[in-house]
Amino acid sequence: MVLHISIGRAAAGAALTLPLAVIALAAEARTAVTAQEPQMRVLVAEGSELILRSDGDQPLLVHGIARHERRLERLQVRLRGGRLTLADASADGLASIRISTTDPRGIWLGRRRYRGDLVLLVRNGRIQAINQLGIETYLPSVVGSEMPAKWPLAALQAQAVAARTYALRQRGRKPDFDVKATVSSQVYKGIESETPSTRSAVATTRSLVLVHNGRLINAVFHSSSGGSTEPSGEVWQNQLPYLVSVQDHDQHSPVHRWNQRFDEGDLRRRFEETGGVERLSVLSTSSTGRVRSARIQGPLGSLVLTGRQLRQRLGLKSTMVRFSLLEAELEDAGGSIDPADHGSESAPQLIGLWRDSASGTGGAADPASTAPVKTAAPLPPPPPRAGLTASTRAGSISVTSRGTIVLEAAGQGYGHGVGMSQWGAHGLASQGADFREILHHYYRGATIRPYRPADDPSVAFSTGSEPALMG
């Protein structure tokens, strides 16, 4: 209506009102977008004592201590009697505290700075610090925490869309926070992990999410698959139609191939129930060759573990692994064997290491997606190393002669292998693929479109297929 009146006035001679009206409408639209931006609640710290401070001379704005807002440059909060208390004894028995600032440099909490507000409350005998901020403000740090900021923009953009989808899908699942700032959700390190390139990746994909059959997908990702990604049903309870096995493009990854070794004493510590390892039997593997179950036999008995449990026990990078038992006397190098991995460098962390998959239903592929890429067969296992007494992927290994036993794990990739491979995204981007092509490759049949209010889990869960947990 304002635009219509301005045009009329312009026709009457008031030509300057049209630009002003257009500017007013644009400003109103921006305000509406900001007001509708989904807010995230990120658990960033837990402890019995937390210290917050301002950055410079602009004080923190503290609510919850008194009836009126207090302005403080430093705030030290302790836990006493299950309630919050200030270290200077100026307030005690507080249920929660909210800290905000008008300073664009954010709020210091320990060694990190955060945008938005910080809410302190007590849960399970610990003080929790929950960072509340808009999704688009949260994401530049996530992208910079999950991927090297110097990587190609297309890879960073793919990470931004996957991370946005993953985060928004978690909203409302827990009463106090939506996601953690660690690998148990996705990594978020505050302002210091933002860079111009990560901010650009988020801005150029603003509000874009991945959906399948009208719902946000479970956009899990990992560092490197070792050649082929894993179907979700072979790692978690349900096979999701968009999380199938595809050929990866991670051959250049520093963890595409890796080795870890464990000496006899280390194996006894890791497998106390069996008294160490005399025999290791891989009972079953997935379609891509990842270990699904294995039996450990030692002097004190035997133990059957899932591939995930075995990975946790040994601290392996993935379950795409091949085991060998060696006699230490056969090794050329003397001295003890370091059980740490012998890879060239560590890879970016990943989300959902041990998470269960959510359920999903089928749907039509996105018509805008690129031509399908053929699924490749899994890469062959690494060649056996010299001096091994036995090796296996799906079978048994044992040492029959006496001597110091060493277990070697020769593996591929890093992470659960489901969804987008971060090193694969880097490889595709380096070959000229844009972020849409990358996402369509790893999340088959998913559609990329702007986020809608109806996508909010509190609305999506109302059908009864999943619990409706309101935040």
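These legends walk through several close-up views of a predicted model. In it, local features need pLDDT of at least 70, side-chain atom pairs count only at pLDDT 80 or more, and totals for chains, interfaces and linings use all residues. Residues are numbered from 1 along each chain as its sequence is written, and side-chain values use heavy atoms, leaving out hydrogens and water.

**View 1. How confident is the predictor along the chain?** The pLDDT score is the predictor's confidence in each residue, from 0 to 100. Its mean over the chain is 79, and 73% of the residues reach 70 or more. Residues 1-34 stay under 50, and the model gives them 13 contacts (heavy atoms within 4.5 Å) beyond four places in sequence. Residues 330-391 also have pLDDT below 50, with 157 contacts in the model beyond near neighbours in sequence.

**View 2. An open sheet of seven strands.** Read across, the order is S4-S3-S7-S10-S11-S1-S12, and the pairing is mixed. Strands (E, at least two residues) and helices (H or I, at least four) are DSSP runs, numbered from the N terminus; two strands pair if DSSP finds at least two bridges between them. Strands S4 (70-72) and S12 (179-180) are at the edges with a single partner strand each, so one side of each has no neighbour in the sheet. Inside the sheet order, S10 (residues 117-123) and S11 (residues 126-134) are antiparallel partners joined by seven bridges. Look for Leu121, whose bridge partner in S11 is Gln128.

**View 3. A helix across the sheet.** Helix H3 (residues 135-146) lies across S1 (39-47), S11 and S12. H3 runs at about 110 degrees to S11; axes are lines fitted to C-alpha atoms, for helices over the stretch in contact, and angles run from 0 to 180 degrees between N-to-C directions.

**View 4. An open sheet of five strands.** Here the order is S6-S5-S2-S8-S9, with antiparallel pairing. At the edges are S6 (83-86) and S9 (112-114), each with a single partner strand, so one side of each lacks a neighbour in the sheet. From one strand to the next, the twist averages 30 degrees. Strands S2 (residues 49-53) and S8 (residues 107-109) run antiparallel and share two bridges. Leu52 stands opposite Leu109 in S8.

**View 5. Two helices pack together.** Helices H4 (residues 153-170) and H8 (residues 422-430) pack at an angle of about 140 degrees, with axes 8 Å apart. Ala154, Ala155 and Gln159 of H4 meet Gln422, Ala425, His426 and Ala429 of H8 in this contact.
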